[in-house]
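Student: Could we go through this structure together, one question at a time? I would like to see how each answer is reached.

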Amino acid sequence: MNFDIAVIGSGPGGYVAAIRAAQLGKRVVVIERAEIGGICLNWGCIPTKALLRSAHAYQEIRSAEAYGIHIEGTVTPDFGTIISRSREVSATMSKGVQFLLNKHEISVVKGYATIQTPGVVNVLLDDGATQEIKASHIIIATGARPKVLPGIPIDGEKVISYRQALALEKQPESMIVIGSGAIGVELADFYHTLGTKVTVVEYLPNLVPLEDEDVSKYIERCFRKKRLSFMTGTAVKEVDVSSEKCKVTVETPKGTQILEADIVLSAAGVVANLENMGLETVGVEIQRGKIVTDEYYRTNIPGIYAIGDVIATPALAHVASAEAICCVEAIAGLSPQPIDYKNIPSCVYTSPEIASIGMTEREAVKQGYDIRIGKFPYTASGKATAIGNKDGFIKLIFNRSDDSLLGAHFIGTHVTEMIMEAGISLKMKAKAMDIIHTIHPHPTLSEAVMEAAAAAYDESVHI
């Protein structure tokens, strides 16, 4: 089989690359060893959000009295049905991607891909047969898998990864979550809301440690208020699964402790899927477990490219998709603009939500900027007060010398839908006054962005 482009992997990097290539008139094949849509659609972004929606709906119903709505009887979550709904959502999205691939006449081959030489991929098919695929260009988009911590093997039963956490047959009474990145805190929030006793263990000093420190401290206060336990500055030393309960030995600032739970969820990052693909044989350069590429995702071997979680850029679905488009357009002879990695939005779908883009306050100071900071609390937002969810704030960081926006850090209800106002401002090099003098509709949560900008310059624009 001969193609212009072979894409290995069908996640948000792979399928977007394939579709864009087909739109540009290329003959394309996608090689996928598992479900179409990759981890994001099947075992990551999408099913997690479906679970969280169920949990948040349950919480809203429990709070109905605050809105003057009386509900008779007991409201209880059906864990099995919640899981089933999540799986159905994922299946629907996967079928949607398959439809798009078919629509664009993209061939799909199911099996394990090994690059034999530049331009040649051998696929071990599901039935044990092999198939040779020839393509002028090969794009590696194989994504990542859960990282296994030293001494803490994932057995899929007592020590689980996010994948098992999305499809447990029975809700555990207690759970210890190792790691407080997006995956860890989202699943912790989900299980806690449904009634599981959850403890999050984080090695670094704050929860969601990649976020701005003000946001990290605020989500910690929110977790305390909802009685979701967490331990920061704490290292997991050992997990003993020999008895009925998992016994987790942790080293805290105050000494060694042993925690017990039914389930341990290991959510301490991911590792790129690079093994057994022939990369070493072909000579593709790899550093620190990631493929090395240039700004157009070309590896050191002509005709071989890499995008998404297999390269040293943020491991986010939307980043992989953007890289896919840039890579394919460069292959097609267009002149795509290289991705600006300083302008990548990040979202965490806990309650309250977290969204950020650009520099944190600490990063801006470290880089020598003289900064202005504007903050506006949700407690002062008319819309937040009306909807009954006043937890959160908007924080904007400006460069004092030219009033340009350096970073934005939001926490609160619906902030993941609001962050791209800051993203567009960064992209367009907008000044603080551009945000202040842009009329925002009233009453909306987005007014808080305008107010935060105004607060940085002591020009209060009262809602």
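Student: Is T360 buried or exposed?

Tutor: Keep in mind that we are looking at a predicted model. T360 lies in the loop between β20 (353–358) and α10 (361–366), and its contacts, not counting residues up to four places away in sequence, are with L210, E211, D212, I397 and H409. Since a residue counts as buried under 20% relative accessible area, and T360 has a relative accessibility of 9%, T360 is therefore buried.

Student: And G333, is that residue buried or exposed?

Tutor: G333 is also found in a loop, the one between α9 and β19 (346–348). The cut-off for the exposed class is a relative accessible area over 50%. The value for G333 is 59%, so G333 is exposed.

Student: Which residues in α9 does α1 meet?

Tutor: Helix α1 covers residues 14–23 and helix α9 covers residues 317–331, and the two pack at an angle of about 35° with their axes 8 Å apart. The crossing in which α1 passes α9 is right-handed. On the side of α1, the residues taking part are V16, A17, R20 and A21, and those they meet in α9 are S321, A324, I325, V328 and E329.

Student: How many residues of that contact of α1 with α9 are nonpolar, polar and charged?

Tutor: Here we sort the residues of the contact by class, counting Ala, Val and Ile among the nonpolar ones, and Arg and Glu among the charged ones. The contact of α1 with α9 then divides into 6 nonpolar, 1 polar and 2 charged.

Student: Which strands stand at the edges of the open sheet of 5 strands?

Tutor: The order of the strands in this open sheet is β7-β14-β8-β9-β10, and the pairing is parallel. An edge strand has a single partner strand, so one side of it is left without a neighbour in the sheet, and this holds for β7 (159–160) and β10 (229–231).

Student: Which residue in β14 is the bridge partner of I160?

Tutor: β7 and strand β14 (residues 263–266) pair in the parallel sense over 2 bridges. For I160, the bridge partner in β14 is L265.

Student: Which residue in β12 is the bridge partner of V236?

Tutor: Strand β11 (residues 235–240) and strand β12 (residues 246–252) pair in the antiparallel sense over 5 bridges. The two strands form a hairpin, with 5 residues between them. Within β12, the bridge partner of V236 is V250.

Methods: Residues numbered from 1 in each chain as written. Predicted model: local features only at pLDDT ≥ 70, side-chain atom pairs only at ≥ 80, totals over all residues. Heavy atoms only, no water. Axes fitted to C-alpha atoms, helices over the stretch in contact; angles between N-to-C directions. Helix = DSSP H or I, 4+ residues; strand = E, 2+ residues; numbered from the N terminus. Left-handed = near helix turned anticlockwise from the far one by under 90°. Contact = heavy atoms within 4.5 Å. Buried < 20%, exposed > 50% of the residue type's maximum accessible area, 1.4 Å probe, protein only. Pairing = 2+ DSSP bridges.
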